[in-house]
Amino acid sequence: MSDSPFGFSHSDDDPDRRKKNEGGEGGGQGGSSGGQGSGPGGQPPNEGGQFGFSSGGFDPAALGKMLSQFGQMLSGMGSSMGQQGQQGQSPVNYQLAKNIARQHIGSFSPVSESQRTAVNDAIHLVDVWIDGVTTLPSGATRTAAWTPNDWLENTIGTWPQLCDPVAEQMSGMWIKGLPEEAREIAGPMMGIVRQMGGAAFGSQLGQGLGHLAKELLTSTDIGLPLGPAGTAALLPEAISKFAEGLDLPHREVLVFLAAREAAHQRLFSHVPWLRSRILAAVEEYARGIHIDFSSIEEAARGMDPMALANPAELEKLLQQGAFEPQNTPEQKAALERLETMLALIEGWVECVVSQALADRIPSASALTENLRRRRASGGPAEQTFANLIGLELRPRRIREATQMWSQIVAFGGVEQRDKVWAHPDLLPDSSDLDNPAAFVDRVVGGDTSAFEDDPIAQLRRTEEQERSAAERGAEESEKGDDDERPEGTAGS
């Protein structure tokens, strides 16, 4: 998948564009030389203008010619454009994304009946175990074993809620950046430009979804409710590949992942505002997107506007990063809220699963750490979100969130921990993850300030003290029983 954000890919990734660049280099140069001549009415040519706009205004004839050549360049994309048009006003061509994802997935093994039964049994088993470590009831109304294509079909309907806000904002920035007169003249062509942007975004999304479909292990593997509500789904083929080389029984790996899926389903099913809160954070991030058009003008300075009809010249401009969105304080704040939300979800799931499996699955701790390293290495999920909406998951924050939830359980119990999800205003923010002891103090009402330096070590010491107190109590009870025995019978 391309590392370039927001749908801009390299020409080397597209054989058709590469062929056009190699075969049509002369044509591009011809367009450029033509632009060096006189302007309309004997006026001198544009110098240093932005896409045909000189410092004293813009040349309508040059703009019209540029857009005409631009439209011809896109004529080969007609079929995908038509499909996008049939979808309405969405800024992303999801049909194209789906087709590309299917091509990337390729062949796969169908789910066998034994795999389906194993998934169903594992989820029902762990649901019983999780009942004892959370107040949230089961959220899985049905179980499913998916192939990669099943994952794509069952999640494609959720992606518009995540991608449309960003794509729409990016698309709107292009229109806002044009002078008013240019917008009026370019109006008829803007539909084509929007469709091309939708196809570009859809193409990159399709590559990302293709990666995800083959490597994700469960429907909630990236911490988001992508699948149908109440459906706990595992991907047996991906799980088998994941289990290879772990030197662990496949059954343990399956049960562990089933527990994570079941825990996610409880949270998403019984915290009704959670899904909308995540989507709202994405929309807030999108509203903060800003493109610095002065950098575009700087990158295009000295370039003839007619040369932009040549894909090779346009590619050079794109590679300079002029079109990438600029980070704003509002955007960074929204992104931090979104990342914190995902860290809290993942941390709660880790806490619940660890409690439920601690005495049942010996490899639970090792598998948790393995998944953390897997996430930290930057898999397809991170690449997809980083490229499409700028989101990068932070394992460090997930670890801190897990510790915070564990502290609440240690000092206030499971019920206190789960009550935090009762309202969005009760959730901790990133500053609370920096100082979890203060947040735990507010939730539990006790003094936990001594736990700031090393909360895990302090938690372990507290558990040891409790065990010691219990052992002393047992010894005293046994001693009391001995004292009550008649003389001569003690120790007999």
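A nonpolar core is a set of buried Ala, Val, Leu, Ile, Met, Phe, Trp, Tyr and Cys residues joined through side-chain atoms within 4.5 Å, where buried means under 20% relative accessible area, exposed over 50% and partly exposed in between (1.4 Å probe, protein chains only). This is a predicted model, in which local features need pLDDT of at least 70, side-chain atom pairs count only at pLDDT 80 or more, and totals for chains, interfaces and linings use all residues. Residues are numbered from 1 along each chain as its sequence is written, and side-chain values use heavy atoms, with hydrogens and water left out.

**View 1. The whole protein, to get your bearings.** The protein has 492 residues, and 48% of them count as buried. Its secondary structure comes to 22 helices and four strands; helices (H or I, at least four residues) and strands (E, at least two) are DSSP runs, numbered from the N terminus.

**View 2. The largest nonpolar core.** This core has 96 residues, and those touching the most other members are Trp151, Trp159, Leu274, Trp405 and Trp421. Helix 15 (residues 329-357) gives the largest share, 15 residues. At least three core residues come from each of domain 1 (94-396) and domain 2 (405-451), with bounds from an automatic or database domain assignment.

**View 3. Around Trp421.** Which residues does Trp421 touch, not counting those up to four places away in sequence? Its partners are Leu267, Val271, Trp273, Leu274, Leu344, Ile345, Trp348, Trp405 and Leu427. Contact here means heavy atoms within 4.5 Å.

View 4. Rolling a probe the size of a water molecule over the atoms shows where empty space is left. A cavity is a set of points, on a 1 Å grid over the protein atoms alone, where a 1.4 Å probe fits but cannot get out; lining residues have an atom within 4 Å of a point. Thr158, Gln161, Leu162, Leu224, Pro225, Leu226, Arg275, Ile278 and Leu279 line the largest cavity. Helix 8 (159-177) and helix 12 (274-287) each supply at least two lining residues, with the largest share, three residues, coming from helix 12.

**View 5. The loop at Asp247.** Asp247 lies in the loop between helix 10 (236-243) and helix 11 (250-270). Although Asp247 is not a glycine, it has a positive phi of about 55°. Asp247 is exposed, with a relative accessible area of 75%.

Note on methods
On a 1 Å grid over the protein atoms alone, a cavity is a set of points where a 1.4 Å probe fits but cannot get out, and a pocket is an open set with protein on both sides within 12 Å along at least five of seven lines; lining residues have an atom within 4 Å of a point.
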